[in-house]
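Please look through the sequence and the model shown here before reading on.

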Amino acid sequence: LCLWLWFWPWFRSRFRAEPEPKPEPEPEEKEYKAPEIDASEIHPQPLPNPRPSIEGAAEFDEEIAKKAAKQLRDAMKGLGTNEKKITNVTNGYNREQRMVIVETYNQEYDRDLIKDLKSELSGKFEKMCLGFWKPVGRYDAELVLDAVEGMGFSTKVLNEVICTRSNKELMEMQKAWWKNKSMADRIKDETDKGHGSYCTLLCTILEGKRKVGGAVDEEAAKMT
């Protein structure tokens, strides 16, 4: 008994349960304040009469289209690929002119220009060229499909493609969509299973009914 009394203080200090740590207080939520926007900086989107990044050839006809198609074919024929020639042709014509060149190339050489570019190019240069030569809306539609295929989905790509396009561009990309399910239904399947604010936002934008330009109606935004 005396031995036990002698060891008891040591035993108690050794095996005493440690007190549970007190929970840290939750930080107070700060009230959100919308940034102030100078009314003079508000302008229609897109800007009226914007200058295209590629203005195209001033003179363009069937013969010029055949010449451009031949330059592309020569750049990819034989061993190696002349990427400089492909770049020069790609940057020398606007989208409308490039679509004529694609059709001319396919008819003149009984080939598919898009398939030839895929087989000859690689990496970011391939991606850039294909984006220039594909029909209107097709490239955006492929980006959306890539964003929702596989495990999960890419909010970064969906935001970049859907939230930044004009109403006309949204209609064009949905018209170019080639899958059985519509683009909106495919997005519903992948984002929030058809429910939730993010899914509703994307599907609402895809309807193409956003008001173009003008000042923001803050009251309408709050009601939404």
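## How α3 and α6 pack

Helix α3 passes helix α6 in a left-handed crossing, a term used when the near helix is turned anticlockwise from the far one by less than a right angle, with right-handed used if it is turned clockwise. This is a predicted model, in which local features need pLDDT of at least 70 and side-chain atom pairs count only at pLDDT 80 or more, while totals for chains, interfaces and linings use all residues. Residues are numbered from 1 along each chain as its sequence is written, and side-chain values use heavy atoms, with hydrogens and water left out.

Two packed helices are described by the angle between their axes and the distance between the axes. For α3 (residues 83–92) and α6 (residues 123–133), the angle is about 30 degrees and the axes are 11 Å apart; axes here are lines fitted to C-alpha atoms, for helices over the stretch in contact, and angles run from 0 to 180 degrees between N-to-C directions. The two helices are therefore roughly parallel to each other, given that angles under 35 degrees count as roughly parallel, over 145 as roughly antiparallel, 65 to 115 as roughly perpendicular and the rest as oblique. On the α3 side, Glu83, Ile86, Thr87, Val89 and Thr90 meet Phe125, Cys129, Phe132 and Trp133 of α6, where contact means heavy atoms within 4.5 Å. By class, this contact has six nonpolar, two polar and one charged residues; Ala, Val, Leu, Ile, Met, Phe, Trp, Tyr, Cys and Pro count as nonpolar, Asp, Glu, Lys and Arg as charged, and the others, Gly among them, as polar.

## What covers α6

Within α6, the buried residues are Phe125, Glu126, Cys129, Leu130, Gly131 and Trp133, with buried meaning under 20% relative accessible area, exposed over 50%, and partly exposed in between (1.4 Å probe, protein chains only). The cover over these buried residues of α6 includes α2 (62–76), α3, α4, α5 and α7.

## The chain as a whole

The chain has twelve helices and zero strands, where helices (H or I, at least four residues) and strands (E, at least two) are DSSP runs, numbered from the N terminus. Of its 224 residues, 26% count as buried. Among the contacts in the chain with a separation of 6 or more, 67% come from residues 24 or more positions apart.

In soluble globular proteins, nonpolar side chains tend to be buried together. A nonpolar core is a set of buried Ala, Val, Leu, Ile, Met, Phe, Trp, Tyr and Cys residues joined through side-chain atoms within 4.5 Å. The largest one in this model has 21 residues, of which Val144, Leu158, Ile162, Met183, Ile187 and Leu206 touch the most other members. At least two residues of this core are supplied by each of α7 (138–148), α8 (155–162), α9 (167–175), α10 (183–190) and α11 (197–206). Apart from it lies another core, of 20 residues, including Ala75, Ile86, Leu117 and Cys129.

Which residues does Val144 touch, not counting residues up to four places away in sequence? They are Leu158, Val161, Ile162, Met173, Trp177, Met183 and Ile187. Ile187, found in helix α10, is buried with a relative accessible area of 0%, and, its neighbours within four places in sequence left aside, is in contact with Val144, Val148, Ile162, Leu202 and Leu206. Between the C-alpha atoms of Ile187 and Thr200, which are 13 residues apart along the chain, the separation is 9.9 Å.

## How α10 and α11 pack

The axes of α10 and α11 cross at roughly 175 degrees and come within 10 Å; these helices are therefore roughly antiparallel to each other. Met183, Ala184, Ile187 and Lys188 of α10 meet Cys199, Leu202, Cys203 and Leu206 of α11. The residues of this contact divide into seven nonpolar, no polar and one charged.

## Polar and charged residues, buried and exposed

Asp140, placed in helix α7, counts as buried at 12% relative accessibility. Leaving aside neighbours within four places in sequence, Asp140 is in contact with Val161, Arg165 and Met173.

Asp110, by contrast, is exposed, with a relative accessible area of 72%, and lies in the loop between α4 (95–109) and α5 (113–120). The phi angle of Asp110 is near 50 degrees, a positive value in a residue other than glycine. Gln107, in helix α4, is also exposed, with a relative accessible area of 59%. Gln107 and Ala69 are 38 residues apart in sequence and 10.0 Å apart in space, C-alpha to C-alpha.
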